Amino acid sequence: MKIGANPRGMIGRVGLLSALCCCLLVADRGFALVFDQGTRKSNARLPRAYTGRIDGDVWIIGNSRAIKSFDLPQIERRLQVRVENLGVNGIRPALQEAFVIDSLQLNPAPRLVIIEISYLKSEWDDSLAAEFLPYAEYGDSTRSLLNDRLPKQMMAADIFNLRRFGGQLFL
Amino acid sequence: MYFNSIAFLVFLPLFLVLFFGTKGCARLVTSLVGSYIFYGWWDVRFLSLIVASTLIDYWIGLRLGVVAGEVGRKRLLLASLASNLGLLFTFKYFNFFRDSLVEAFGSVGIELSGPTLDIVVPVGISFYTFQTLSYTIDVYRGNLRPEPSLLKFSVFVSFFPQLVAGPIVRASDFLPQLSRDHAVRWRNIVTGSSQVLLGFVKKCVIADSLAPYVDAVFENPESRTSITLLLAVVFYAFQIYCDFAGYSDIAIGLARVMGYHFPRNFRYPYFASSFSNFWQRWHISLSSWLRDYLYIPLGGNRKGTTRTYINLMLTMLIGGLWHGAAWTFVVWGGLHGLYLVAQRLTAVAVQSLNWQRISQTFIARASSGAIVFCLVCLAWVFFRSPDFGTAISLLGKIATMQGMSPGAIQNQIIAAKGIGLISVLVIAEACAGWIRPKARCIVSPCFFILYFGSLGLALAWLGTFDHSAFIYFQF
């Protein structure tokens, strides 16, 4: 049947499209909520840092070199302190800064922060930054950085909340 | 203009409003101008080629309708072949053949030098060249009447949904459809959009999720474990399928929204139980083109066994070369030619041993399907590799079988995501064969919301929108 030939049919179709949009948005919000709950309960280092569950005396910050270069059990045994390794593979300075500021605001302050700085000259990387989308709602610094550097992705994530949870770090 | 770009998102609604707001000649003008804008978005200079190709074949088609003598008709056909294949040769193959010649003579100590052309291959040249060629050949054979309207013929050559990567639509299918004005129909919009959405999911969710893994592995195969390489090859098989089938779905779906019906280009190719069956399911418009305009004119299977095998090999070698100006593509085509020959030889052996009943059992067909898939993947290694060295090194490393445990898979998160997506695709395609929804079902409200909702969610959640090009654009 031609569109517009039958006004009642037209109204039905507009209704159907509206129902589809509603279902899509409800499902998007629903799944995003489930994933968000998963993030809150996850014991991985980023979710813990962004939900105030880091209580180490010493934090180690940096990229993969920070993750692999420090022998945490040795440090803990010798210094009798709790050490948290908050290194993120491939992280860049600007993102690291936002992450540390948010972590310091959301968690009890550590006694010492060790920063591995071999990555200081590395350039901004959009794809890695996009991995922090699930945490944009938790930390002000992270959110403002992502708003500044990834405005389109942040806008898309505001429309479809599920977009925040498609990254490698989350999956 | 890419389908997965912001520019296209703006272009499409504007085009559709103008398309449905006009009728007859004005609609054809809208289609032509829209198609030229779509194509010229890459580079306006490319338009001159498509216009030239259109005018030449239009004129030759008209002349073929007038000239009665066989010699004259043959000359016209040769003129069309020379102009179309000449364009293709100049822009796509000149540097390749020149370099190959220089290298071949250099290997026997003869130094050759010749000009190299500093040109970019125009997007989609292989597709529209084959499309216009099919028109002229059909008119020459008397299977089609020459199209008197230049406007209609121009739209047939340049219609934007299928212009740059197919499907290669035959004039006998498409030209009659251009003679009618199609009204805006809800069913066309729904079925067309559903196919467009499915195409975007295949491209943006599956193909683009597999691409980073495949690219990283093929860039540096030496540092990978055997299982990682094996996984990358399988991932590439699905990446290229989803990339190309995704494009075809979008093209066919868009045409459907406008009221045109294009033939299917893919029919679950990895469920093929034989190599000939694979080519009846993979890039159907090209394989049927090669069959009708190359394999059968060469004699097909009517000139004895040996000649059949030669014809098969020639067709597949040319099919391989059609994909790109590199010897790796020729090897890919050659391998498929060998597979088809081997299949015929096996069929003869099965017949002579009277094993036909065994070969029709489910287990035999499933085993055959698995072998077909493995050998198709083997051929993809040559298709994807930048050179022979990479392909051989990759296959050699897989053959060593060092590091074949699941724990040896590198970059496990992306690998797991890829395996998950492929599993969903395979299950969905297996089910689609059994519970293929009828058109009536697709417009039922529940199915509509479920289908569009789930695909929309998949796209919103896992879709990659970095405007990555479709693989087949380079061909």
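Trainee: Among contacts in chain A between residues at least 6 apart in sequence, what percentage join residues at least 24 apart?

Mentor: The share is 73%. Two residues are in contact if their C-beta atoms, placed from the backbone, lie within 7 Å. Before we go on, this is a predicted model, where local features need pLDDT of at least 70 and side-chain atom pairs count only at pLDDT 80 or more, while totals for chains, interfaces and linings use all residues. Residues are numbered from 1 along each chain as its sequence is written, and chains are lettered from A and ligands numbered from 1 in the order in which they are written.

Trainee: Why is chain A called more spread out than a compact globule?

Mentor: Chain A has eight helices and three strands; these are DSSP runs, H or I of at least four residues for helices and E of at least two for strands, numbered from the N terminus. Its radius of gyration is 21 Å, well over the 16 Å that the globule rule gives for 171 residues, so chain A is more spread out than a compact globule. The radius is taken over C-alpha atoms, and the rule is 2.2 Å times the number of residues to the power 0.38. Along its principal axes, the C-alpha trace of chain A spans about 80 × 30 × 25 Å.

Trainee: What makes α5(A) roughly antiparallel to α7(A)?

Mentor: Helix α5 (residues 93–106) of chain A and helix α7 (residues 140–149) of chain A pack at an angle of about 150°, with axes 7 Å apart. Axes are lines fitted to C-alpha atoms, for helices over the stretch in contact, and angles run from 0 to 180 degrees between N-to-C directions. Angles under 35 degrees count as roughly parallel, over 145 as roughly antiparallel, 65 to 115 as roughly perpendicular and the rest as oblique. Therefore α5(A) is roughly antiparallel to α7(A). Residues making the contact include Ala98(A) of α5(A) and Leu145(A) of α7(A).

Trainee: Which residues have the most contacts inside the largest nonpolar core?

Mentor: They are Val214(B) and Ala232(B), in a core of 140 residues. Such a core is a set of buried Ala, Val, Leu, Ile, Met, Phe, Trp, Tyr and Cys residues joined through C-beta atoms within 7 Å. A residue is buried if 20 or more other C-beta atoms lie within 10 Å of its own, exposed if 12 or fewer, and partly exposed in between, with C-beta atoms placed from the backbone. Helix α10 (residues 226–257) of chain B gives the largest share of this core, 21 residues.
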